Amino acid sequence: MLRANCRCDRLEFHDVRSNSLLETVLSKSLVPALSIHQQAAPWVSWDGIHTWEAYYRGSLSSSRRSDLSRKRRRLQEKGTVSFEAVTDPTRCDAILDWMFDQKREWLEKAGLRNDLIFAPEYRSFLSAAQAEFGPSGNRIVFTLKLDDR
């Protein structure tokens, strides 16, 4: 059946999240040439932790916390820092444009290339994904702004 329907001898699925619907369906498959490589989904355990500060202190080394504090201070010295969850799909195209401009600039400075990231299909995919799912809360674009830019 596998060979007749898709003309292949083996199917491999990498990075399938454990306990996902896809993992459930694939694990019940009777196809002998099916290979699943599961990956645990990252999550935060709040067991015994009652505040964000307690989690932050318990999950990062003191040197990492110090480094982050220094970077945050330096950024705040330059202006007002804000973090926003953007769920309005009409704002996402401008954010995607900015993101691609920044990525292109960084790659040029680093002397690197990545044609896949700049393929029109990839840009279209990101735009369509946000437009379709953004308001539902399933996909959200986050921005970190300095002086509201």
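The legends below describe close-up views of a predicted model. Local features need pLDDT of at least 70, side-chain atom pairs count only at pLDDT 80 or more, and totals for chains, interfaces and linings use all residues. Residues are numbered from 1 along each chain as its sequence is written, and side-chain values use heavy atoms, with hydrogens and water left out.

**View 1. Overall order of helices and strands.** The protein has six helices and four strands, taken as DSSP runs (helices H or I, at least four residues; strands E, at least two) and numbered from the N terminus. Along the sequence they follow the pattern α-β-α-β-α-α-β-α-α-β. Of the 149 residues, 18% count as buried (buried: under 20% relative accessible area; exposed: over 50%; partly exposed: in between; 1.4 Å probe, protein chains only).

**View 2. The largest pocket.** Its volume is about 440 Å³. The lining comprises 16 residues, of which Ile-95, Met-99, Val-141, Phe-142 and Thr-143 are the closest to the centre. Helix 5 (89–110), helix 6 (120–133) and strand 4 (141–146) each contribute at least two lining residues. By class, eleven are nonpolar, two polar and three charged (nonpolar: Ala, Val, Leu, Ile, Met, Phe, Trp, Tyr, Cys and Pro; charged: Asp, Glu, Lys and Arg; polar: the others, Gly among them). Grid points are joined across faces, edges and corners, and the volume is the space filled by probe spheres set on the points.

**View 3. The second largest pocket.** This pocket holds about 220 Å³ of space. Its lining consists of Leu-68, Lys-71, Arg-72, Leu-75, Val-81, Phe-83 and Leu-144. Helix 4 (62–78) and strand 3 (81–86) are the elements that give two or more of these residues, and helix 4 has the largest share, with four. Five of the lining residues are nonpolar, none is polar and two are charged.

**View 4. Strands 3 and 4.** The two strands run antiparallel and are joined by six bridges (strands pair if DSSP finds at least two bridges between them). Ala-85 stands opposite Phe-142 of strand 4. The covered face of strand 4 carries Val-141, Thr-143 and Lys-145, whereas Phe-142, Leu-144 and Leu-146 lie on the uncovered face.

**View 5. Helix 5.** The 22 residues of helix 5 should span 32 Å at 1.5 Å a residue, and the end C-alpha atoms are 32 Å apart, in agreement (expected span: 1.5 Å times one less than the number of residues). Cys-92, Ile-95, Leu-96, Phe-100 and Leu-107 are its buried residues. Seen down the helix axis, they fall within an arc of 140°, so they line one face of helix 5 (arc: that of the directions from the axis to the C-beta atoms). Exposed residues Thr-90, Ala-94, Trp-98, Glu-108 and Lys-109 are on the face turned away from the buried side. Gly-111, just after the helix, takes a positive phi of about 70°.

View 6. Most residues other than glycine have a negative phi. Asp-147, not a glycine, has a positive phi of about 55°, and phi of Asp-148 is also positive, near 60°. Asp-147 is partly exposed, with a relative accessible area of 38%, while Asp-148 is exposed, at 63%.

Conventions. 1 Å grid on protein atoms, 1.4 Å probe; cavity = no way out; pocket = protein on both sides within 12 Å on 5 of 7 lines; lining within 4 Å.
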